[in-house]
Amino acid sequence: MSKKIAILPGDGIGTEIVAEAIKLLDCLNQDFGLDAELETAAIGGAAYDESGRPLPDSTLALCKQADAILMGSVGAPQYESLDRETRPEWGLLQLRASLELFSNLRPAMLYPQLVNASSLKPELVSGLDIMIVRELTGGIYFGEPRGIRTLESGEREGFNTLVYAEHEIDRIARSAFDIAMLRNRKLCSVDKANVLEVSELWREVVKDVAREYPEVELSHLYVDNASMQLVRAPKQFDVIVTGNMFGDILSDTAAMLTGSIGMLPSASLDKNGKGLYEPIHGSAPDIAGKSIANPLATILSVAMMLRYSLEQTELANFVDVAVGNVLNQGFRTADIADGTNSVSTSDMGDAVVAALRALNDS
Ligand code: NAD
């Protein structure tokens, strides 16, 4: 049965990198029997320019109907002075919240061809393959009350609320255990249970869920230690599960272990496996319009979409192999070029499509 994919290019390099992912999806449709219908809509600054809102109703409606969503990135300097609720990033937060995309999967995988791009020694990172599962729709980024108030003394005070209900912890823990079952069955839960009551509850609920997954080896780390371990000996981790803010920070640290932000995809899933897929990087205004952005994070986001939302594991594996093959052939965009010749965004996209077609022919 045909699947519907909503395509949201967004801002900055978003349009350039998504164009390459569309080439790949067209090839999968034409040559590999993927029966997917693509429909494009505006989000972020592009949507604000058209309609005055970063997440128009028509875009949200399309995303609700779709089986999966592919996004580029949102944000640009000209929108930074807008009110919070008209900023591009707010549109994305609203989309994640409206679709209840609570489980954010952020793989940090180092391609052997790029081992020198990492800031850590090759022996520490070669073969690195971590999955960070970050809770995405709760915690301190959404907790109420929040704001900036003026005290009687006249001094201003900023405040946010860190709150997690049991069901929110339960569902993210299940999501992480399920992923661990598909991988090496090791899960590390990261919290700050020595200081925060929210984390005490987090730990209790994770331990309860663990009883249903006896095959998974569960460990717990405080977030300060986890951040240290990630740069000391990152290969000790398989799957990490954590809350929204800790996950935001740790997943960026893990991303840097792999050298280039332009290589890393992500997925944000609801409880039925419907997902929003996007590269982890932003709209890179400094290189937008120059045709030098690396499209591989977006192409690898398509691979995650095939795996987690479209039940096309074999095609997902083909895309992963095709990306490995173009790196073996020496194709590099500027961000991963290591001083050698680099190719344009569209040349890299074409190379992946050619490598994919070659897999079909072999
Ligand atoms: P960024 O990720 O856009 O860029 C950081 C650096 O990485 C830049 O030097 C950029 O050129 C480089 N880079 C990023 N993606 C690349 C790619 N595919 N190929 C090559 N180089 C790449 O982060 P930023 O500069 O902090 O933010 C820029 C804008 O993006 C801001 O408006 C921010 O709010 C937004 N943003 C959006 C998302 C999202 O859409 N999910 C995520 C992060 C930031």
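Trainee: Where is the place of Ser301?

Mentor: Ser301 has its place in helix 10, where a helix is a DSSP run of H or I with at least four residues, numbered from the N terminus. This is a predicted model, in which local features need pLDDT of at least 70 and side-chain atom pairs count only at pLDDT 80 or more, while totals for chains, interfaces and linings use all residues. Residues are numbered from 1 along each chain as its sequence is written, and side-chain values use heavy atoms, with hydrogens and water left out.

Trainee: Why is Ser301 called buried?

Mentor: Buried means under 20% relative accessible area, exposed means over 50%, and partly exposed lies in between, with a 1.4 Å probe and protein chains only. Ser301 has a relative accessible area of 0%, and therefore counts as buried.

Trainee: What does the side chain of Ser301 reach at 3.3 Å?

Mentor: The side chain of Ser301 reaches the backbone oxygen of Glu278 at that distance. A polar contact is a pair of N or O atoms within 3.5 Å, where, within protein, one must be able to donate a hydrogen and the other to accept it, and residues adjacent in sequence count only if both atoms are side-chain atoms. Glu278 is also among the residues in contact with Ser301 when neighbours within four places in sequence are left aside, including Leu70 and Pro265; contact here means heavy atoms within 4.5 Å.

Trainee: What makes helix 10 and helix 11 roughly antiparallel to each other?

Mentor: Axes are lines fitted to C-alpha atoms, for helices over the stretch in contact, and angles run from 0 to 180 degrees between N-to-C directions. Angles under 35 degrees count as roughly parallel, over 145 as roughly antiparallel, 65 to 115 as roughly perpendicular and the rest as oblique. The axes of helix 10 (residues 296-308) and helix 11 (residues 313-328) cross at roughly 160° and come within 7 Å, and the two helices are therefore roughly antiparallel.

Trainee: Why are helix 6 and helix 7 called oblique to each other?

Mentor: The axes of helix 6 (residues 166-182) and helix 7 (residues 197-210) come within 9 Å and cross at roughly 50°, so the pair is described as oblique.
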